[in-house]
Amino acid sequence: MEPCIFCKIANKEIPTEFLQETPEAVIFKDIKPSAPVHYLVVSKKHISSIKEVKHEDEALMGHLIHEAKDAAAKLGLSGYKLVFNVGREGGQIIDHIHLHILGGWE
Ligand code: AMP
Ligand code: ZN
C-alpha cells in the first residue's frame, strides 16, 4: 500500500524543513496555515486517527504534547491552541495522527 503523505514527510521521502525532530515525532509548518503561526506535530508511527490510539500509544501521545509545548516556546508563542481534528466530521483530512499548533494572533 502507498504510504501516506505524513509518513513520507516523517521518513524524509518528501524533503521538509523540520522545526524539531525526535525519534518519535517531527514538527513542521502547515502548508496552508489557518493561523498566523501554524505548525504540525506529526508522529513517526502511522496511527490513522485519535480513534485508533491504543493503550501502548499513551507515552507517544504525551510526547506529542510535550514537543508542541517546546515548539511553541521556540516560536515565541505565549498563548496558543493545540488541536486534534478527529474524523471527517471533525475536520480531519489527513489520516495520520497530527497535533496542530495554532497561534500568533494579536
Ligand atoms: P487535518 O485537517 O487535521 O487533517 O489537517 C491536515 C493539515 O495538513 C492541513 O492543515 C493541511 O494544510 C496540512 N498539510 C497537508 N499537506 C501538507 C504538506 N505537504 N505539508 C505541510 N502541511 C500539509
Ligand atoms: Zn502515515
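H98 is in contact with F6, L40, V41, V42, V83 and F84, leaving aside its neighbours within four places in sequence. Contact here means heavy atoms within 4.5 Å. The model is predicted: local features need pLDDT of at least 70, side-chain atom pairs count only at pLDDT 80 or more, and totals for chains, interfaces and linings use all residues. Residues are numbered from 1 along each chain as its sequence is written, chains are lettered from A and ligands numbered from 1 in the order in which they are written, and side-chain values use heavy atoms, with hydrogens and water left out.

**Around H98**

H98 sits in strand 5, which covers residues 98-103. Helices (H or I, at least four residues) and strands (E, at least two) are DSSP runs, numbered from the N terminus. H98 counts as buried because its relative accessibility is 8%. Buried means under 20% relative accessible area, exposed over 50%, and partly exposed in between (1.4 Å probe, protein chains only). The side chain of H98 also reaches the backbone oxygen of H96, at 2.6 Å. In an unreviewed entry, UniProt lists H98 for "active site". UniProt positions are given in the numbering used here, feature names are shortened, and annotations may be inferred rather than shown by experiment.

**Ligand 1**

H98 turns up again beside ligand 1. This ligand is surrounded by 17 residues, and the closest are D30, G91, I93, H98 and H100. A residue is near a molecule if one of its heavy atoms lies within 4 Å of it. Some polar contacts are listed below. A polar contact is a pair of N or O atoms within 3.5 Å; within protein, one must be able to donate a hydrogen and the other to accept it, and residues adjacent in sequence count only if both atoms are side-chain atoms.

| Residue | Its N or O atom | Distance to an oxygen atom of ligand 1 |
|---|---|---|
| D30 | side chain | 2.5 Å |
| N85 | side chain | 2.9 Å |
| I94 | backbone | 2.8 Å |

**The zinc site**

Which atoms hold the zinc ion (ligand 2)? The zinc ion is coordinated by C4 (SG), C7 (SG), H46 (ND1) and H96 (ND1), at 2.0 to 2.3 Å. Donors are N, O and S atoms within 2.8 Å of the metal (3.2 Å for Na, K and Ca); water is not among the atoms, so sites may look incomplete. The site is tetrahedral, with angles of 104 to 116 degrees among its four donor atoms. Four donors count as tetrahedral if all angles lie between 85 and 135 degrees. The ideal angle for four tetrahedral donors is 109.5 degrees.

Along the sequence, the donor residues are spaced C-x2-C-x38-H-x49-H. C7 lies in helix 1 (residues 5-10) and H46 in the loop between strand 3 (37-43) and helix 2 (58-74), so this pair ties together parts that are 39 residues apart in sequence. C7 is buried, at 12% relative accessibility. H46 is partly exposed, at 39%.

**Other residues**

S49 is found in the loop between strand 3 and helix 2. S49 is buried, at 8% relative accessibility. Not counting residues up to four places away in sequence, S49 touches V86, Q92 and I97.

I5 lies in helix 1. I5 is partly exposed, at 44% relative accessibility. With residues up to four places away left out, I5 touches I14 and I94. I5 and S48 are 43 residues apart in sequence and 12 Å apart in space, C-alpha to C-alpha.

K12 is placed in the loop between helix 1 and strand 1 (20-21). K12 is not a glycine, yet its phi is positive, about 65 degrees. K12 touches F18 and E21, again not counting residues up to four places away in sequence.

**The annotated domain**

UniProt places "domain: HIT" (unreviewed entry) at residues 5-106. Over residues 5-106 the chain is 23% helix and 24% strand, and the end C-alpha atoms are 32 Å apart.

How values were computed: Tetrahedral: all angles 85-135°; square planar, octahedral: opposite > 155°, others 65-115°.
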